[in-house]
Amino acid sequence: MSISAPRGLASSGQKPITEILHPLSAAEEPLSPGPDVTVSGGRDKEVGLTNGTPVETPSPASASVLFNRLQLDDDLDSDGRDPYADTETHDLFVTVDDPKKHVSTMETYITYRVSTKTTRIEFDLPEYSVRRRYQDFDWLRTKLEDSQPTHLIPPLPEKFVMKGVVDRFSEEFVETRMKALDKFLKRVADHPVLSFNPHLNAFLSAKDLNKRQGLALLSKVGESVKNVAGGYKLRVRPPEFCAMGEYLDTFNQKLGTIDRIAQRILKEQSEYLTELREYGTVYASWAGSEEELQRPLEGVAGCVTTCCGALEDMSENMGQDFLPVLREYILYIESMKNVLRKRDQSQAEYEGRLEAAVLRKQEDRTPIPAEVEKCQDKMECFNADLKADWERWQSNKRQDFKQLLTGMADKNVTHYEKCQAAWESLITLLQDKQTEDKTKSEGRRYKGHEVNPDSEGHHADQNERGVAAAASKPDDTYVTAAARL
């Protein structure tokens, strides 16, 4: 096989990459300068080739193009279907639920029920139900990462929590972790390659999981390979993978900023909720000592209580639904970067072996060894699998963030609608109270008006009787005149 013409490989997600020109793809091709990418000198592992359905997926050319892939328009996946649904098999369904607390003399831990339904011939039964704890999930992910190094392994929720800050046995924490573990298994079960891994089969079906017995799918390479690829620096990383790295850095920065601000908002909402509850209690106690203002004060206390409940629901949604998704994708970024580093290591191994083979060929005219071709096959497999998982990850990300942001908007709208309805009901109550007081005032005035006519009539009668009496008495003038006569 010619070194300058890469062979076609059966990959898990794409056709072989033929458009990438490597600096050492031919013996007579000079080395081209480019940015150096240092590869760690850890012990390498021989990667076995994986099988799957080829899918042609173009790669973006720049980080800006990649970052613009995060769109929430209705024209993107408007039907809610995964673009890989036609190439992925949906005959394996898993669910994680029913957390239970176990207390022993040595430790206290939580187990989760893992239920499986499948029609695959690799399983002896169509249904399974086993109980697993967090360290079993961690074992599965480690095995998947070791046996499938060319694929992106979904992340697990973080294991360690700060003591005194988060109670790992609280109902909220266990519920959040259970949802994250369920999402992890569903992503693995929907993957066209990872779902056929024998370690996953053992995890889903074995009653007692023996984690010491691992299936050795990889073989370690010799010390010479480690020396060749350990300290080698890449001449040029392909542009599409450079764009991936730049996108991951930018995306990680944005998510980190949003995560910090969201946590600060959640803390401030918690403090505001505590003060708001005290605010409502004051109005409730005040209503007991004000008979005339009892109904308005009780109305204000009820409005504050309603606002407290709405704010509590919105904060709970942010803490249990919004923040975990952000944290999951931050961990996803680390997983993707890890796969990129492994890809760079595979390319460094290939370039190092090729350079050494070219030097030997120039000296003694020996043919290119088969190890070089094997390294080239492994690198091409890495590239194809990584590109396929990248596109799948982008599709899942668009769906997850569309659902996340839509849910957050709905929760905020619901919160403000509840608060608005509560205060509007208070306005109605105050208007009714004002109308009632006005009616009572008018009633008192009308009652006073009915008493005054009787009093005036009484005085009128007295005046009439006085006038009559005066008319019956002889006038002093006439009496005086008669006396003179």
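In helix α2, the residues Y134, D136, F137, W139, L140, R141, L144 and S147 are buried, that is, under 20% relative accessible area with a 1.4 Å probe and protein chains only. The model is predicted, so local features need pLDDT of at least 70 and side-chain atom pairs count only at pLDDT 80 or more, while totals for chains, interfaces and linings use all residues. Residues are numbered from 1 along each chain as its sequence is written, and side-chain values use heavy atoms, without hydrogens and water.

Helix α2 covers residues 134-147. At 1.5 Å a residue, its 14 residues should span 20 Å, and this agrees with its end C-alpha atoms, which are 20 Å apart. The expected span is 1.5 Å times one less than the number of residues.

The axis of α2 comes within 9 Å of that of helix α4 (residues 198-205), and the two cross at roughly 165 degrees. The two helices are therefore roughly antiparallel to each other, a term for angles over 145 degrees. On the α2 side, the contact is made by D136, F137, W139, L140, K143 and S147, and on the α4 side by H199, L200 and F203; contact means heavy atoms within 4.5 Å. These residues divide into 5 nonpolar, 2 polar and 2 charged.

Elsewhere, M314 lies in helix α7 (residues 294-364). M314 counts as buried because its relative accessibility is 8%. Leaving aside neighbours within four places in sequence, M314 is in contact with Q269, K411, N412 and H415. M314 and M408 are 94 residues apart in sequence, yet their C-alpha atoms are 8.4 Å apart in space.

Methods: Helices (H or I, at least four residues) and strands (E, at least two) are DSSP runs, numbered from the N terminus. Buried means under 20% relative accessible area, exposed over 50%, partly exposed in between (1.4 Å probe, protein chains only). Axes are lines fitted to C-alpha atoms, for helices over the stretch in contact, and angles run from 0 to 180 degrees between N-to-C directions. Angles under 35 degrees count as roughly parallel, over 145 as roughly antiparallel, 65 to 115 as roughly perpendicular and the rest as oblique. Ala, Val, Leu, Ile, Met, Phe, Trp, Tyr, Cys and Pro count as nonpolar, Asp, Glu, Lys and Arg as charged, and the others, Gly among them, as polar.
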